[in-house]
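Here's a short tour of how the parts of this model touch each other. Have a look at the picture first, then read on.

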Amino acid sequence: MNKHVKNVTPETTDFSRRSFLVGTAATGLVLGYAGVPGVGEALAAAPANFEPSVWYSISPEGLVTVTCGKADMGQHIASTMAQIVCEELGAKWSDMRVNLASNDPKFNDPVLGAQITGGSWSTMMNFEAMSRAGAAGRMALTEGAAAAMGLPPYFKDELVVRDSMVTHPKSKKSMSFADIVKSGKATKTFTPDELKAIKLKTPDQYTMIGVSVPQIDIPSKTNGTAKYGIDVMIPGMAYGAVVTPPVRYGATVKSVDDSDAKKVPGFIKAVTLDDKTQTTTGWVVAVASTYANAKKAAAALKIAYDGGPNAKLSSQSLLDEAKRLQGLDDSGQFFVKDGDVSAALGSAAKVLEAEYTTSINIHAPMEPMNATAEFKGDILHIYSGNQFATRSGAIAAGAAGIDPKFVVMHQMWLGGGFGRRLDADMMVPAVQAAKAVGKPVKVIYTRENDMTMDFSRPLTYQKVKAGVDGDGKLVALSHDVVSAWPTQRWGIPDFLSPSVDKKGPLDAFTVNGSDFFYTVPNHNVRAIKNEMAHNATPSGQLRSVAPGWTFWAVESMIDEIAAATGKDPAQFRISLLDGAGKNDGGAQRLRNTLLAAMGLAGYGTKKLPKGEGMGVACVSSQERATASWTACVAHVAVAPSGEVTVKKLTVATDVGTQVHPDNIRAQVEGAALWGLSLAMHEKATLKDGGIEQTNFDSYRPLRMSQMPEVAVAVIANGEKATGVGEPAVTVVAPAIGNAIFNASGARVRALPITAEAVKGAMKA
Amino acid sequence: MPTLTINGRSMSVDAANDTPLLWAIREQLQMTGTKFGCGAGLCGACTVHVNGEAVRSCQTMVGDVAGKKITTIEGLSAKGDHPLQKAWIAEQVPQCGYCQSGQIMQAASLLAKNSNPTKEEVVAHMDGNLCRCMTYSRIQKAIMRAATEMRTASAAGNERRPT
Ligand code: FES
Ligand code: FES
């Protein structure tokens, strides 16, 4: 997470000033922070009817239900939160349940002050708060048990808490959590200082953290019972099918002829969106009694559009504009400015220059975007799986023309997120259709809507210049990054970062990663906004965000320098990871990770046949402040035709502390395959202002038959837990590019990598 | 009004014959375990069985399956304990889980015919089912685990009948 992020909403919950309450409610024991600072103590006096921000509850049957304020999109974060609570609470794992939070600010992230899930931040940022909440619960239960067993309070240190039981070994008395809850004796208030003073377990005392417990959500995902946004059913609801214009952004509807749609049985109305939030442009929703009929009606609508200002643009126009902007001396703002790059380049013995590009990429989670909106009295209820409830609630409110405080967002399981569900476009048609027809409406995007209206990973263009001195030492690096600015689009100033040259805020989510841990004395990074791309292809955060392209450039260029100076690319990296100055700590961890990957892959020891090669890359995704350490060795075979077969990916990652080893492996493997998919298979293009790919026949994520062998080494060295869902995405493409060079001498600089490009580079 | 036999029950659905089975099952009969992914036969999320064969319900019209035996994920086993479902839990396959009903139904049609598939047969049979979370290797492992269990069970004489 960007360290400049503070308060996204005015209702930010600052837990450092809140009391933590344990009290009895109708449903059992509830545990959470007091709703308003200072009120906690007063409420604690009347525990039967207080309503704290419930973080978890314990039912009279002893079931512990943890409320998860994070979006669960397959990273099993809800289960992980339960695991962290369970560790300190001393509950039995089979007693743990999870619940997905509404958008009430009380469930905001304790660090971010908002409900947002992304950047692999969740475990990292919630570990301590959830641990303290668990420990506070254990203390309250222990004291409650002492009282209920008739032991004097000072006996509480003799009580043992384990598997949802509190036992007093000396007197052989014991009580289950269920019975303690039923006794009503477990009531306690912790002041912020008391909460902070709780001594948490040390890693050697863990019995749950570090154990691959069965994920709580998995059984429901094998029998069809897990409820995603698309599965919501509201009595009396109608369905909306969206008709989106041929242009990604900027079109307007000139006229809608619904005469044929009216012949479709169950057709209710065609609603042209009036989207003041400007999330969508030129959309129409066909509303009907069933989804099948809504789709028929949508197909029957005759809509005339004004294509707007972007209707002529193509991928090529965006790339040309990027090159033009990069060529200007005064474009953009500096993200990094160390030393004197132009002087160092001027006196360098050798200067290398290269351009790297990445194509537009589409999130395409398997669950297409959808939302269900229902107006009930003054309240607008939204049912949708979403990664950014705080902002999405505001967009839904904007679409409805009401105050955000009247919006209740009901979180659902996410059928994939990858950053796509940080956006709220799907709420707009649902809200406006529900308003227009006076019924709840469920809007489901077709895959075609979903692909052509994605908030895509932007097309990027990067120019890198490197200066090497007479000894082959890298002395200067200048790196320009031109892209749309996905995070600036949110309009939330706190998500932007100040520029080093004080030219106003920049979107660090377009350049993160370029501030690497290599020691390069003279280093510039310039973030240049491609306004044309920004307007024509409103971009979003795609799994791993900027490091997905910045490391493509950096890690390819490092390889090019190694080749130009006759060094082994892995050894060259190790020499740059010397840990000098600000890189101390991180550089060494990254170096160790690289060594681990090299060892596991047999880098430099395995004899490879002709036409095969290995390439390395190492990355410090995400942001520098929340970096994690990942390295990859890719093993490829390159045919004379340029056809590349990825034979094996070996990924090593330093995760600090493992909460759930098996989940880390699943996430890292999934991320690595995402990286492969983006590197070799996924490409979207813009033509006449519209995205050309509409379904999985033309936009082709990796399939089972394309999967190489993947080996994962997880390094758990006891440091703080880092995020694992994203870094491996970023390391794979450069490792493959470098392996192709190693195998064939062909240097590729554009993603995705095509056989044509490889063959072309071979001849050169 | 077509009548459909789904999971052994006869249900009538107020839908035109040219309605994709997917939407009738999901939105009208409200059995939401079957998922919509692409609507074009390209992802497999909507896979159900018709007379024991895995089909894409988004490409199957209601009018074409009247009188046939339809099985969805909800009806694959009585208690979510088909060997594949158990294997899916044992291998902790699902991430977001959205594709997994379709994956399991697709895999079930393979194991019903071939309880000793090779890796290549598994890949060939499963390649039409996308998993955006990329859980492919665990899917493979889970299928192999379930196949082993089914062979052991059948050797012990308590064979399951294919759905
Ligand atoms: S939804 Fe039927 S194959 Fe994708
Ligand atoms: S588990 Fe998410 S799409 Fe397969």
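## Where the chains meet

How many residue pairs are in polar contact across the interface of chain A and chain B? The rule finds 31, counting pairs with both residues at pLDDT 80 or more; a polar contact is a pair of N or O atoms within 3.5 Å, where within protein one must be able to donate a hydrogen and the other to accept it, and residues adjacent in sequence count only if both atoms are side-chain atoms. On the chain A side, α16(A) gives the most, with nine residues (helices are DSSP runs of H or I, at least four residues, numbered from the N terminus).

This is a predicted model, with local features needing pLDDT of at least 70 and side-chain atom pairs 80 or more, while totals for chains, interfaces and linings use all residues. Residues are numbered from 1 along each chain as written, chains are lettered from A and ligands numbered from 1 in the order written, and side-chain values use heavy atoms, leaving out hydrogens and water.

## Salt bridges between chains

There are six salt bridges between chain A and chain B (a Lys or Arg side-chain nitrogen within 4 Å of an Asp or Glu carboxyl oxygen). One joins A:D231 and B:R26, at 2.9 Å from N to O.

## Inside chain A

Technical notes
Helix = DSSP H or I, 4+ residues; strand = E, 2+ residues; numbered from the N terminus.
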